[in-house]
Amino acid sequence: MEDTLYIVMPTYNEEKNIAYTVMEWLPFLLRGGENSRLLVIDDGSDDKTSEILAELKGTYPQLEVVTRENKGHGPTVLEAYRYAIDHGADYVFQTDSDGQTSPYEFKGFWDERGNYDAIFGNRINRLDGEDRKKVEKILCKMLRVFFGVRIPDSNAPFRLYKADKLKAYIKLLPEDYILPNVMLTVLFCKNKEGVLFKEVSFCLLYTSDAAD
């Protein structure tokens, strides 16, 4: 029996990127079973994002769309995780909808899924600004001080979880938690779950014409 994969992504005001991003990710559902889905939660966009998603949903049955009032990125990610688990996911993969991650690096994560409880992206070369790099470095230092864990990248929006392990830990987080991916990374590492940090690229807008 093939594993059910849910690829989940929050979105907010991404009318320029959302169609491209959805179309890039949909083919990778083929790596999972027939019940695999791409879930996009629209966090109260006030541009044409919701209209574009509604149009795409009418064409692609494996695309699931939830539209609701704005709550912020963190709560939206948590809602996506809970939705995936409630709908039978065996594995949950989270990324963002802004085109800054490469779907063509997903295969390396999926092929390793049986060996780890979570595989987290590690952004070695970031093209999203020096300020964000500095913030991430400071955050990782703080996590080492307060939680005693050494983490190279705490918040990369490119991460694959075994759903049963994810379910156990998201129960510990309130629905309005602002930085769920950071805390989930900490919890998995602190509790010595099977974790791999795998290098990923991170750019302004990823494009490619090859899926292998």
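So, what pattern does the protein chain follow, read along the sequence? It goes β-α-β-α-β-α-β-α-β-α-β-α-α-β. If you tally that up, you get 7 helices and 7 strands. The radius of gyration is 16 Å, close to the 17 Å that the globule rule gives for 212 residues, so this chain is as compact as a globular protein of that length. And before I forget: this is a predicted model, so please keep that in mind throughout.

A few whole-chain numbers. The C-alpha atoms fill a box of roughly 50 × 40 × 35 Å along the principal axes. Of the 212 residues, 49% count as buried. The accessible surface comes to about 10,600 Å², and carbon and sulfur atoms own 50% of that. On charge, we have 27 positive and 35 negative side chains, with the centres of the two sets 8 Å apart. And if you take contacts with a separation of 6 or more, 80% of them are between residues 24 or more positions apart.

Now the inside. In soluble globular proteins, nonpolar side chains tend to be buried together. Here, the largest nonpolar core has 30 residues, and the ones touching the most other members are V8, Y81, V92, Y161, L166 and L184. Which elements give two or more residues to this core? On the strand side, β1 (5–11), β2 (37–43) and β5 (118–126); on the helix side, α3 (73–86), α6 (163–170) and α7 (180–190).

Let's zoom in on V92. Skipping its neighbours within four places in sequence, V92 is in contact with Y6, V8, Y81, A84, R159, L160, Y161, A163 and L166. Apart from that core lies another one, of 24 residues, with I7, I18, L29 and V40 among them.

Last stop, F147, which lies in helix α5, residues 130–147. Is F147 buried, partly exposed or exposed? It has 30% relative accessibility, and the buried class means under 20% while exposed means over 50%, so F147 counts as partly exposed. Leaving out residues up to four places away in sequence, F147 touches M183, V186 and K190. For a sense of distance, F147 and Y169 are 22 residues apart along the chain, and their C-alpha atoms are separated by 16 Å.

Definitions and conventions:
Residues numbered from 1 in each chain as written. Predicted model: local features only at pLDDT ≥ 70, side-chain atom pairs only at ≥ 80, totals over all residues. Heavy atoms only, no water. Core = buried A, V, L, I, M, F, W, Y, C linked by side-chain atoms within 4.5 Å. Buried < 20%, exposed > 50% of the residue type's maximum accessible area, 1.4 Å probe, protein only. Helix = DSSP H or I, 4+ residues; strand = E, 2+ residues; numbered from the N terminus. Contact = heavy atoms within 4.5 Å. Rg over C-alpha atoms; globule rule 2.2 N^0.38 Å. Areas by Shrake-Rupley, 256 points an atom, 1.4 Å probe, with all protein chains shown as cover. Lys, Arg positive; Asp, Glu negative; His and termini not counted. Charge placed at Lys NZ, Arg CZ, Asp CG, Glu CD.
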